[in-house]
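User: I'd like to learn how to read a structure like this one, feature by feature. Could you walk me through it?

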Amino acid sequence: MRVEELQRVLSSMAATAAEAGVAVVAGDTKVVAAGAADKLFITTAGLGTLLVDNPPTGSGARVGDAVIVTGTVGDHGIAVMAARAGLDLGGSLRSDVAPLNHLVEGLFARAIEVHAMRDPTRGGVATTLNEIAQASGVDIVLEEGNIPIADEVRGACELLGFDPLYLANEGKMIIIVPSHVGEQTIAYLHTHPLGQRAAVIGRVTQQSKGRVLLKTAIGGHRILDMLVGEQLPRIC
């Protein structure tokens with residue numbers, strides 16, 4: 001790796017830390033033999049404080065809850081794939097990577113009741129919701145027409161055979177709230193730069209062993225399983 005690349009990465013880290021309002025307070029470096037690593041690897045560990053006494057978990061979804069995603073899905077996975085393969089997909093396709101701490105703080109500052117919350121990274125929205133459904137012992141039904149997907153991502157998925165619901169996201173959240181605060185939650189998210197395309201994409205329907213179903217545009221249902229096998233494109 002060239003020194004200029006390292007400086008560019010460190011500048012990006014500093015800018016993001018400033019945006020998130022956090023400090024990088026320690027660090028270490030390791031040097032390995034030539035060919036033993038592919039350029040640069042960075043690992044991080046974060047320390048923080050709980051904002052509320054009973055924070056939301058991945059197992060708190062309840063029957064009747066609204067399922068919300070904070071923006072378009074699949075952006076990061078397709079952006080990474082396009083960059084690696086040198087594909088020009090047109091439009092303004094970019095990774096959605098972003099710090100979400102201020103967006104989450106806003107939820108609690110408005111005393112919005114949140115039952116479950118997760119970031120849909122590895123395995124995408126479908127896998128993350130399966131994990132929530134199984135941990136909570138509920139069924140979740142998604143409305144296909146309500147799921148926000150950028151045109152560039154939809155086109156790339158149709159061309160390459162990917163399902164956007166299984167693509168990684170780095171700047172989105174799954175938020176599960178009581179149905180009566182669904183509109184309030186969406187109204188707040190739409191005021192935040194990282195939540196302007198937030199939408200209610202489904203409901204928690206009944207107690208079960210944990211299933212996720214997709215109600216399609218033609219009115220049928222199909223089961224969304226956990227991701228099986230290697231995630232493509234591979235992120236980590």
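Here is a walk through the cores, strands, helices and a few loop residues.

Analyst: Happy to. This is a predicted model, in which local features need pLDDT of at least 70 and side-chain atom pairs count only at pLDDT 80 or more, while totals for chains, interfaces and linings use all residues. Residues are numbered from 1 along each chain as its sequence is written, and side-chain values use heavy atoms, with hydrogens and water left out.

User: Let's start inside. Which residues have the most contacts in the largest nonpolar core?

Analyst: In soluble globular proteins, nonpolar side chains tend to be buried together. A nonpolar core here is a set of buried Ala, Val, Leu, Ile, Met, Phe, Trp, Tyr and Cys residues joined through side-chain atoms within 4.5 Å. Buried means under 20% relative accessible area, exposed means over 50%, and partly exposed lies in between (1.4 Å probe, protein chains only). The largest core has 32 residues, and Leu129, Ile140, Leu142, Leu165 and Ile176 have the most contacts inside it.

User: Which elements give two or more residues to this core?

Analyst: Helices (H or I, at least four residues) and strands (E, at least two) are DSSP runs, numbered from the N terminus. The contributors are β1 (66-69), α2 (75-85), α4 (124-136), β3 (138-143), α5 (151-160), β4 (174-177), β5 (199-207) and β6 (211-215). The largest share, 5 residues, comes from α4. A second, separate core has 17 residues, including Leu100, Ile112, Met117 and Tyr188.

User: What does Leu165 touch?

Analyst: Contact means heavy atoms within 4.5 Å. Not counting residues up to four places away in sequence, Leu165 touches Val73, Gly123, Gly124, Val125, Ala126, Ile147, Leu214 and Leu224.

User: Now the strands. Which strands does β1 pair with?

Analyst: Two strands pair if DSSP finds at least two bridges between them. β1 runs antiparallel to β4 over 4 bridges, with Ala66 opposite Val177. Another 4 bridges join β1 to β5, again antiparallel, and there Val69 has Ala199 as its bridge partner. Both faces of β1 are covered: Ala66 and Ile68 are buried on one side, Val67 and Val69 on the other.

User: In what sense does β3 pair with β5, and in what sense with β6?

Analyst: β3 pairs with β5 in the antiparallel sense over 5 bridges, and Ile140 stands opposite Val204. With β6, β3 pairs in the parallel sense over 5 bridges, where Leu142 is partnered by Leu214. Since 5 of the 6 residues of β3 are buried, this strand is largely enclosed by the rest of the structure.

User: How do I read a helix such as α4?

Analyst: An α-helix has 3.6 residues a turn, so residues three or four places apart point the same way. For the span, the expected value is 1.5 Å times one less than the number of residues. α4 has 13 residues and reaches 18 Å from its first C-alpha to its last, close to the 18 Å expected. With 10 of those 13 residues buried, α4 is largely enclosed by the rest of the structure. Its buried residues pack against β1, β2 (116-118), β3, β4, β5 and β6. After α4 comes Gly137, with a positive phi near 70°.

User: How many residues of α2 are buried?

Analyst: In α2, 8 of the 11 residues are buried, and they pack against α5. Just after α2, Gly86 takes a positive phi of about 70°.

User: Which residue other than glycine has a positive phi?

Analyst: Most residues other than glycine have a negative phi, and most peptide bonds are trans. Ala111 has a phi near 55°, a positive value. Ala111 lies in the loop between α3 (101-109) and β2 and counts as exposed, at 67% relative accessibility.
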